[in-house]
Amino acid sequence: MIIYVRSGRETLSWSFPSLLGLGRQIHQSSSLIEEQLDPFSLVSDELSLVANRLRAMVIAEVPKLASAAEYFFRLGVEGKRFRPTVLLLMATALNVHIPEPVGGGVGDTVATELRTRQQSIAEITEMIHVASLLHDDVLDDADTRRGIGSLNAVMGNKLAVLAGDFLLSRACVALAALKNTEVVSLVATVVENLVMGETMQMTTSSEQRCSMDYYIQKTYYKTASLISNSCKAIALLAGRTAEVAMLAFEYGKNLGLAFQLIDDVLDFTGTSASLGKGSLSDIQQGIVTAPILFAMEEFPQLHAIVYQGFDNPENIEIALEYLGKSHGIQRTRELAMKHANLAAAAIDSLPESNDENVIRSRRALVDLTQRVITRNK
Amino acid sequence: MLFCRGFSRIRTTPGKSLFGFVLSRRTDPSLFLLSNQYVYSTIKVRSGRETLSWSFPSLLGLGRQIHQSSSLIEEQLDPFSLVSDELSLVANRLRAMVIAEVPKLASAAEYFFKLGVEGKRFRPTVLLLMATALNVHIPESVGGGVGDIVTTELRTRQQSIAEITEMIHVASLLHDDVLDDADKRRGIGSLNAVMGNKLAVLAGDFLLSRACVALAALKNTEVVSLVATVVENLVMGETMQMTTSSEQRCSMDYYMQKTYYKTASLISNSCKAIALLAGQTAEVAMLAFEYGKNLGLAFQLIDDVLDFTGTSASLGKGSLSDIQQGIVTAPILFAMEEFPQLHAIVYQGFDNPENIEIALEYLGKSHGMERTKELAMKHANLAAAAIDSLPESNDENVIRSRRALVDLTQRVITRNK
């Protein structure tokens, strides 16, 4: 399962099917793939470690705060593993092999310490992600719960804001402990971008709603920035060159964009290939995504509808009609594939390595780019 | 040492949270003090039902009416005027830093800083004074001006701490107040209320992120740690206040811990950060920390008193906003020690306005107010002692700034607004 971040009227009860044998349904085989590659299983032990540390880090002395903050991490233990998986795979993929006979195990110690620091990036990233979820959702809930025990609603919301702040502060403390100011800068930028992205989404003008550039920028901020900058941080911690760090960044960025574009498609199609079976939550919230934007290029009449907005459910119907007649869905998938390929290319551009683990992790990262665009859930 | 708790006539306007400072001198209590009050505004951090419309009178002619002179004070000491030019610089930079490309976010984030330019200067004042007070004098003759450049760069970095501190403080205000407003604005255009609140949350996050970026730019990981701790403490303090159990409500320890988190931690840790940036020793950094901590605690304790007394010396004229929100502060906690009957009332809580009446009665009969002021004085003195313990310096500016910092400790406890 992949984390699907929407600030909508969804309640806080998420359910995720457990991680089933994703590797089983790879329809393509390639001579490059000698074994069944399940990216997630490559790092699953480490993921448990990270998850446990995360839960320890978000324990707060104040019980109410703890339950709000831990909420996502309890679920998170089962469900949310996409981002940490990518980061841990990246850490291995960028491994510079340290020869064994260096001072009797010093190499190992250094490698272990580095790994721990990289795991810390995964933890920090998750905390920031969840903090943004808590903040994004808080006032949608306020809306929904109005009239149902106002004090609880207020308390719940205020605690959600505080819990988000709490997670952010824990992330900052962990970040500071890494003693790497470039990494601190990267993560600070991420937080800023998340806020920008959410704000862009909240305050979109009619004009901006119709703009593909605005949409891609917002998508970068909301979805891709976190993973691109944390991939880069992984590289920096490993002492890699600026070029390698940029490749890691590009992988994360393109993976994130591809992910979001498919997300947009699935919101219309759901698990079927046909239109209108998806949850349609984007358009119902007045959020205009790539498929509609592409359809607008083919059908200028749609522009007026989008400009009006989607408070009127009739407009949703009309938009869906146009979307169906257009190549919007298809073009979105093509754009997603383009970004997925860019991500894969970034991995292929990494400096060669003969290390088996490195090769396997890089393959897994490339594999992920395909899974992101072929998934239908 | 005698303190003259001077009082002044301060113009009050409904709905304001203002604190005027009066000068006090530690000499003859028979001399009546009245000064043209320094009406500056300190941020009163209450998550209450106050609206977001703050108004602050501008900083008026300070220091004109000092009636007492003391042989210790060779010149008129106005802590605020010592750093006022620098404060304007800091304020301008702050406003530039919170400009956001998205207009709506900008207006939310800038809101406090627009007002803040006129009003909120306490924290930055302390930090800038501390920066000077800890100055290691760099001789002019070092490499033709290099000393100056180094000093300037250091000063800029220390000013950055002041900016970062203000951004974090305002972010916490935005977050603390957001859902009290949600409560109030219900029924008045719900979408606006939601939008306004969500923007407030986002604006707070935005300020936090700008603070983080500025922090990272200092390239000092110890300072980053300190500030991260502050954010954590602010959250803890607010949470403690929101989730107080009946048991905890009656505990002085809990109250002091919460007060440290909510009020003192920010200023103590940023004072320490100032010292660290200046390359001072751990001992000096600790003294700076102690100053900030005790100043913050003294400030809050007097705040608690003023919530009961307002501008008069007598009880019950204050806004009483703490007790009305069920927040139990030092005066009540002290009164409870004298009157165990009060314990039961406090345990029940103050949803019932009768309980408020009863508590005020007990408070009046008790020495609660007095003991709170004494505790505040104790902390103020500890703060002053920390300054006095700093390594000696002959530099005139250093001496003057240190004096100003000590002066502030007195102002904090003698103010009556």
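## The largest cavity

His129(A), Ser132(A), Leu194(A), Lys222(A) and Leu226(A) lie nearest the centre of the largest cavity, which has 23 lining residues. Here a cavity is a set of points, on a 1 Å grid over the protein atoms alone, where a 1.4 Å probe fits but cannot get out, and lining residues have an atom within 4 Å of a point. This is a predicted model, in which local features need pLDDT of at least 70, side-chain atom pairs count only at pLDDT 80 or more, and totals for chains, interfaces and linings use all residues. Residues are numbered from 1 along each chain as its sequence is written, and chains are lettered from A in the order in which they are written.

α5(A) gives the largest share of its lining, 6 residues. By class, the lining holds 13 nonpolar, 5 polar and 5 charged residues; Ala, Val, Leu, Ile, Met, Phe, Trp, Tyr, Cys and Pro count as nonpolar, Asp, Glu, Lys and Arg as charged, and the others, Gly among them, as polar.

## A helix pair in chain A

Let's turn to two helices, which are DSSP runs of H or I with at least four residues, numbered from the N terminus. α10(A) packs against α15(A) (residues 328-348) at about 160 degrees, with the axes 8 Å apart. The pair is therefore roughly antiparallel, a label for angles over 145 degrees.

In the contact of α10(A) with α15(A), 17 residues are nonpolar, 4 polar and 2 charged.

Terms used. Heavy atoms only, no water. 1 Å grid on protein atoms, 1.4 Å probe; cavity = no way out; pocket = protein on both sides within 12 Å on 5 of 7 lines; lining within 4 Å. Axes fitted to C-alpha atoms, helices over the stretch in contact; angles between N-to-C directions. Parallel < 35°, antiparallel > 145°, perpendicular 65-115°, else oblique.
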